[in-house]
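Let's work through a few exercises together. Have the chains open in your viewer, and try each task before reading its solution.

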Amino acid sequence: MQFAPAYHLILEGILILWIIRLLFSKTYKLQERSDLTEKEKEELIEEWQPEPLVPLVSKDHPSLNYDVVTGPPSHRIIVNGKECINFASFNFLGLLDSERVKLKALSSLKKYGVGTCGPRGFYGTFDVHLELEERLAKFMRTEEAIIYSYGFATIASAIPAYSKRGDIVFVDEAACFSIQKGLQASRSFVKYFKHNDMEDLERLLKEQEIEDQKNPRKAKVIRRFIVVEGLYINTADLCPLPELVKLKYKYKVRIFLEESMSFGVLGEHGRGVTEHFGVNIDDIDLISANMENALASIGGFCCGRSFVIDHQRLSGQGYCFSASLPPMLASAAIEALNIMEEDPGVFRVLRDKCKHVHKALQGTPGLKVAGEPLAPALHLQLENSTGSRTNDLKLLRAIVDYVRYNSRSQITMCVLSIRVVVTVEQTQEEIEKAAQCIREAAVKILK
Amino acid sequence: KDKLLSDHLRFQYEYKGYIFGSITPFVESFEETPLLVAVLTYIGYGILTIFGYLRDFLRDWKFEKCHLAREREEQKDFVPLYQDFENFYTRNLYMRIRDNWNRPIRSVPGAKMDLVERVTPDYNWTFEHTGKVLKDVINMGSYNYLGFAENTGTCADAASECTVKYGVGVCSSRQETGNLDKHEELEKLVARFLGVESSMVFGMGFATNSMNIPALMGKGCLILSDELNHVSLVLGARLSGATIRVFKHNNMQSLEKLLWDAIVHGQPRTHRPWKKILILVEGIYSMEGSIVRLPEIIVLKKKYKAYLYLDEAHSIGALGPRGRGVVDYFGLDPCDVDIMMGTFTKSFGAAGGYIGGKKDLVDYLRLHSHSAVYATSMSPPITQQIITSMKCIMGEDGTTLGQERLCQLSENTTYFRRRLHEMGFIIYGNNDSPVVPLMLYMPAKIGAFGREMLKRNIGTVVVGFPATPIIESRARFCVSAAHTREMLDTALNAISEVGDLLQLKYSRKNRHGSEGTDLFSYLESHQD
């Protein structure tokens, strides 16, 4: 046995003592979080004043007091006590007043009660929901459909279910608000292309292709989508769907189509913009629409192939975490679909009326008509802006009020334009009268 | 060391069992997972994962038939829409027990319901309806706290009248022609019900949160949100663009520390002061059954000058002697809560949401809320249902039905929780909350529990990952005022049977209560 030399033991002893010291000494941070003393911290807390929760709103803001509608918002609408002809609600097929729809909703109420008391996963799936989904899928000739309980939440939940952080979405500039919210929630890269400008879109797609070639491994996992609307709610024109489908196959992008305004309006049987252009519906990956316009109910739906739609049953936030659609509203939608299927002539009537209104409003001095002749919701924009937004709004509002008082026709304002909605219930004389009055108002107010 | 206010509050609670400033004892329990159970649960998930990989392998190499829907032939060379591993859990674990969810019903979702019978020929990949109906299944899953899910009675009659007069749809947003006189009536009623200055209603509860929080908060604001907040609150906070910091569930120390740090240090990096601080909490948390510590939060809020957003989706109508929610339960002043939000789906048997508060707040929301400008307003018969049921709860319809139902709910809750606790199950949450989570832990027991209860004609809700942490899967019961004592006893006997069969009675706490509770149970059983 050998004894270790003395200096060895001493060295080891010193090392052990050093380790013990390091273990028990206080750790110090390289950068002190704050040099403030306790007293200063308390003072900061005392002094800090938050902003008021909401900024003050002036009492006479024009949009503050809503117009009160007494009774049903049907063809003859009572606004603020005055009876008017309704050129403002999106009741395109006049189903809001239909007796058949009301009776079906009543019988559903007697069977199921009003609310569903739960989301779809927890005893909130009724047989009427399943029936409505089947009927919608059959009507649109797709494999499957899924129903949401609120129109706004439909596309806003569908987009984030597929498009995640890192994916790329090409969107039209004039896309509606719910699409914008869906894009914001998805955290993907969003690239806007000019409204209905296919060259601009192609340019963006080519740029993306060049990017992809630099990094092919990443390009294999980034998903790409194009989101467009069938009939734009903000500008009332159609999207060029056949060109979009060509671009889809050329650059390998998926298409999501939002058909809130065109479902039940375009196409021979009311199937929307795909029927109007004769495009194969399987070429569109997802069609989303809300049932609050033509079907005169509440809620929304998405339809497409099972491969695409089934995913939303577990990852669509507005579907999984929200109560399901009340069964009486679902029954009303089924009956409205029945009416649409029985009488496809109503779409031709609506189209004729749209053309008529479009023609009647042409030549209004000071206002130009924006929108397709086929669109059931036209926009009237100021030809020459006064330069200030508030003044423009004042002028347009004055026109709306004049028209309401003098011709008893109710039209509404949306962002910087007047919207005129066409429904099948409006008669020739009513349309003429309203157009006449708008012309008078424009002459009087915009001179 | 900083003397935090919440330490003082905690001392009060631990010492007396009372929460600071409240008049009711606050008893919450979250018993710890037994170690053996946790280990076995992890082993269970491990085995399932291994089998999952095996089945994926077999499916890829075509040894097993693949039931999944496939991409189109023409789009085969597109970037795949789903990553394979994203759906691993769905394909291999969720699919095995999928028959416990999405069960279709064909009657009123009341205390008893009729379920559509489904069979699956291929292990839950597809379902077929046999055409038979399972009648009178006791419903322990629907959020029907006050029993207003009914198709007869004053509410249903009023809603029918309204349908005939107004129709079903509205076809317009609130700012345009969608503002009916019914909506104005409802808003005034809701303001009176809550005890606030004014209120606004929306068509969907989920959308109320996700569209209004962005209108109130923006960049430069701070949102302090509870760990277990609902998806709609998280989405609303994210869409607003504000900075979000999360505090531990119902933990006042964690919240105070965040508030302290936020005000002292300001925004990260620039150290500018925050514009506003908002605390986001819920009344009753639906997965835990816990009730928010409202008096303590209000004390903290007043000290640090933050704003409070209270989401009463489950607690409105279900808590409190007069049914006005958590504020009523603790006996506090509604003016202390800046923004009171809630939904009409649970206790009122309708759909939609509301926000109540000061007049300035609601006026601002009428102008700037995305819902008022872009989304459709509430359907008229739904509005009527809420008006009638709310008047019933307030006692303004001339009967005492509302008060009776509130008492019945509170009795049912106490009885149900006490019996389950005595049987030896682990129950989470507050003694007064009608949401009762019962712990299952192991993945196989999730499916087994749901199916065994259905065999005994009781419909239950089971929840697993990802709605809960991976080892804490549970069954969740929602007690309702429509449940009679016999129904609860039937359910409890069945639960006990299944609990013995599946060995679910994990609790190690004192099962057979002390003298006091025995006397209490003796008195109760001899009440009628």
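**Exercise 1.** Describe residues 135-495 of chain B: how far apart are the end C-alpha atoms, and what is the helix and strand content?

*Solution.* Start with the ends: their C-alpha atoms lie 19 Å apart. Next, the span is 43% helix and 16% strand, with helices (H or I, at least four residues) and strands (E, at least two) taken as DSSP runs numbered from the N terminus. Finally, UniProt, in an unreviewed entry, places "domain: Aminotransferase class I/classII large" on these residues; such annotations may be inferred rather than shown by experiment, and feature names are shortened, with positions in the numbering used here.

A word on conventions: this is a predicted model, in which local features need pLDDT of at least 70 and side-chain atom pairs pLDDT 80 or more, while totals for chains, interfaces and linings use all residues. Residues are numbered from 1 along each chain as written, chains are lettered from A and ligands numbered from 1 in written order, and side-chain values use heavy atoms, without hydrogens and water.

**Exercise 2.** How many residues does each chain bring to the contact?

*Solution.* Counting heavy atoms within 4.5 Å, chain B brings 112 residues and chain A 109. On the side of chain B, 55 are nonpolar, 33 polar and 24 charged (nonpolar: Ala, Val, Leu, Ile, Met, Phe, Trp, Tyr, Cys and Pro; charged: Asp, Glu, Lys and Arg; polar: the others, Gly among them).

**Exercise 3.** Which salt bridges join the chains, and how many are there?

*Solution.* The rule (a Lys or Arg side-chain nitrogen within 4 Å of an Asp or Glu carboxyl oxygen) finds 4 across the interface. One of them pairs A:Lys252 with B:Asp77, whose closest N and O atoms are 3.5 Å apart.
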